[in-house]
Amino acid sequence: MEQAVRPGGLSPRWLARPTARQLRLGSGFVLFAYVLTHLLCHALGNISLAALEAGLAVKVALWRTPPALVLLYGALLVHIALGLCALYQRRFFRLRPGEVAQVLLGLAVPVLLLSHVVGTRLAWSLEGLDRGYPQVLYVTWVAVPGQGAMQAIGLVVAWLHGCFGLYFWLRLKRGFGPAAPWLLAGAVLVPVLALLGIVQGGRSIALLAADPAWRAEMLGASHLGLPAQNERLAGIRRGLLAAYVALLGLVVLARGVRTVAESRGGFVRIGYPDGRIVRVPRGSSVLEASRRGRIPHASVCGGRGRCSTCRIRVVDAERGRHLPEPDRPERLVLDRIGASPGVRLACQLRPDRDLTVAPLFTPHIRSIPTCDAERVSTGEERFVVVLFADLRGSTRLAEERLPYDTVFVIGRFLGAVGRAVREAGGSVNQHLGDGLMAIFGLDGTPKAAARAALAAVDGVSEQVEQLNRMLAADLGERLRYGIGLHAGTAIVGEMGDEAESRFTVLGDTVNVAARLEGLTGPMGKVAIVSEAVYAAAALPAGELQELTLTGRAQPLRARLIGAQAPAVPRAP
């Protein structure tokens with residue numbers, strides 16, 4: 001029985017140090033916000049040169065304060081460092097086209113924008129040179145047009161790199177589908193308007209540059225600098241570029257050294273249930289082994305430890321005891337899903353000895369359009385309400401009756417529950433022996449899904465009551481059942497093996513609904529409905545009770561519905 005008293009104290013999770021993923025996301029958001037304000041400022045050139053200057057004043061007020069400078073430069077250094085670390089850590093480069101584009105664009109950004117950063121930011125910080133739009137546009141549009149073209153390409157590359165990163169983060173979020181067309185429109189319009197603004201501003205500057213008085217005022221030493229100052233800035237630019245190229249070279253060299261060391265250190269063999277064995281260098285993850293061996297392996301988050309769909313069961317119990325302990329990101333995911341012993345995340349487990357594993361979810365992609373292939377194989381995160389229903393006492397029914405009679409009774413029960421689910425607007429997703437799992441919310445709003453699921457609970461009661469009246473003479477007792485209902489986000493998509501796959505739902509929402517159903521028997525209740533369902537339905541929940549479920553640190557508030565009568569043994 002999983003009911004427990006609410007634990008005291010606050011969860012220390014908020015005190016934990018940030019993970020590499022959180023640092024990458026946080027630094028990426030800061031840099032994306034800077035690039036966005038930069039491009040929006042450029043877009044004001046479509047109005048006038050004065051609008052450009054006004055936009056620049058706002059941008060300077062936002063980004064040239066000491067806290068903003070620390071945040072910006074810190075985010076830049078962290079993002080570059082994490083990018084180089086990721087380049088070193090990745091062993092196999094069978095990436096999706098979008099991931100390849102993101103990696104290449106990210107590596108190109110520092111090279112393309114280095115001159116612009118040194119000529120504006122560092123020129124102001126180190127030399128005190130005030131270079132606004134008139135000076136920058138004169139240099140890039142009139143004096144050295146090739147430099148302007150490189151800067152324009154660099155800004156577009158930085159924008160695309162950020163957009164790819166946001167896409168990989170948002171694609172699993174609830175509501176991304178409806179918002180995707182608007183986000184795509186913004187991703188296209190922002191750089192286009194920015195480039196057009198630069199063109200208009202450059203043309204205006206080219207006309208003004210014909211006036212000697214304007215040139216004397218705007219292109220003097222206080223703006224463009226003295227030869228000695230420009231030479232120092234050029235030296236800084238060359239030094240930074242050489243340092244970046246050297247860092248890339250060190251990463252490549254380190255990868256080579258690691259490959260040689262791992263080859264000398266030996267290889268490990270990863271076995272799979274179908275008999276295939278993949279040989280990889282020691283230190284590779286199980287997910288990397290699957291990709292290297294072209295073995296289908298589900299991984300919604302792309303191997304970043306953000307989901308549990310790549311999880312595996314270690315078949316070798318003895319060897320499993322000698323595996324490396326899960327690190328913090330993997331431990332958090334395993335604890336959240338209440339993983340049993342022997343279950344690990346394939347993207348995080350790096351075995352140091354031969355191992356046999358069984359992937360728990362394997363994608364199967366049929367002949368479908370390319371644009372839909374990723375969605376089918378990896379799934380989509382969305383809001384759902386999950387219902388688990390189970391027949392009580394089915395084992396005793398099987399002991400007292402002929403097998404076909406038992407199958408008949410269970411079949412009638414599943415049919416009654418299935419009718420109630422479908423009449424309420426849900427869909428039966430899986431039959432689990434003497435129970436089933438149903439889903440609400442594949443279409444429509446969360447509010448409608450939650451209300452439909454609550455209606456299904458009442459519908460099941462009515463359907464089973466009718467069935468009890470029909471079978472009363474034959475059974476001599478009433479059929480008893482339990483229902484667990486929970487709402488939240490989950491991964492929906494096709495999962496299975498190479499021969500067969502089915503549309504299903506994965507995630508913590510499913511696990512909680514199943515555990516709530518499991519509590520109905522020990523607690524003598526007909527149904528247990530979580531507070532999240534009533535919140536989504538915008539309905540009062542009534543009296544709630546706090547339950548502690550295995551694998552969850554925080555208690556769950558739920559409503560306990562109906563008192564289940566105990567089973568009455570049949571007379572001999």
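Is A538 buried or exposed in this structure?

The model before us is predicted, so local features need pLDDT of at least 70 and side-chain atom pairs count only at pLDDT 80 or more, while totals for chains, interfaces and linings use all residues. Residues are numbered from 1 along each chain as its sequence is written, and side-chain values use heavy atoms, with hydrogens and water left out.

Let me begin with the overall picture. The protein chain contains 19 helices and 13 strands; these are DSSP runs numbered from the N terminus, with helices being H or I of at least four residues and strands E of at least two. Of the 572 residues in the protein chain, 43% are buried. Here buried means under 20% relative accessible area, exposed means over 50%, and partly exposed lies in between, with a 1.4 Å probe and protein chains only. Among the contacts in the protein chain with a separation of 6 or more, 73% are between residues 24 or more positions apart. A contact means heavy atoms within 4.5 Å.

Now to A538. This residue is exposed, with a relative accessible area of 52%. A538 sits in the loop between α19 (531-537) and β12 (545-547). Its phi is positive, at about 60 degrees, although A538 is not a glycine. For context, most residues other than glycine have a negative phi.

I turn next to the aromatic residues. How many aromatic pairs does the structure hold? There are 5 aromatic pairs. Rings of Phe, Tyr and Trp (its six-membered ring) pair if their centres lie within 6.5 Å; planes under 30 degrees apart count as stacked, over 60 as edge-to-face and the rest as tilted. One of the pairs joins F29 and W169, whose ring centres are 5.1 Å apart with planes at 75 degrees, so this pair is edge-to-face. Because F29 belongs to helix α1 (residues 20-43) and W169 to helix α6 (residues 145-170), the pair ties together parts that are 140 residues apart in sequence. Both residues are partly exposed, F29 with a relative accessible area of 36% and W169 with 23%.

Helices α1 and α6 are also linked by F32 and W159, a pair that ties together parts 127 residues apart in sequence. The ring centres of F32 and W159 are 4.9 Å apart and the planes are at 20 degrees, so this pair is stacked. F32 counts as buried at 17% relative accessibility, and W159 counts as buried at 4%.

Two arginines lie over aromatic rings. R64 lies over the face of W124, at 4.3 Å from the ring centre, and R279 lies over the face of F267, at 4.0 Å from the ring centre. The criterion is that NZ of Lys or CZ of Arg is within 6 Å of the ring centre and within 35 degrees of the ring normal.

Let us consider helix packing. The axes of helix α2 (residues 49-63) and helix α5 (residues 133-143) come within 10 Å and cross at roughly 120 degrees. The residues in contact are L49, L52, E53 and L56 of α2, with Y133, P134 and L137 of α5.

Which residues of helix α13 are buried? They are E330, V333, L334 and I337. These residues cover an arc of only 95 degrees around the axis, which puts them on the same side of α13; the arc is that of the directions from the helix axis to the C-beta atoms. Their packing partners are β3 (311-314), β4 (343-345) and α18 (508-523).

Finally, I shall describe three buried residues. A389 is placed in strand β6 (residues 380-392) and is buried, with a relative accessible area of 3%. Leaving aside neighbours within four places in sequence, A389 is in contact with V417, G435, L436, G482, I483 and E517.

R171, in the loop between α6 and α7 (176-208), counts as buried at 9% relative accessibility. R171 and E381 are 210 residues apart in sequence and 7.8 Å apart in space, C-alpha to C-alpha.

H223 is found in helix α9 (residues 221-224) and counts as buried at 16% relative accessibility. Not counting residues up to four places away in sequence, H223 touches L129, D130, R131, Q135, E217 and M218. Thank you for your attention.

Notes
Axes are lines fitted to C-alpha atoms, for helices over the stretch in contact, and angles run from 0 to 180 degrees between N-to-C directions.
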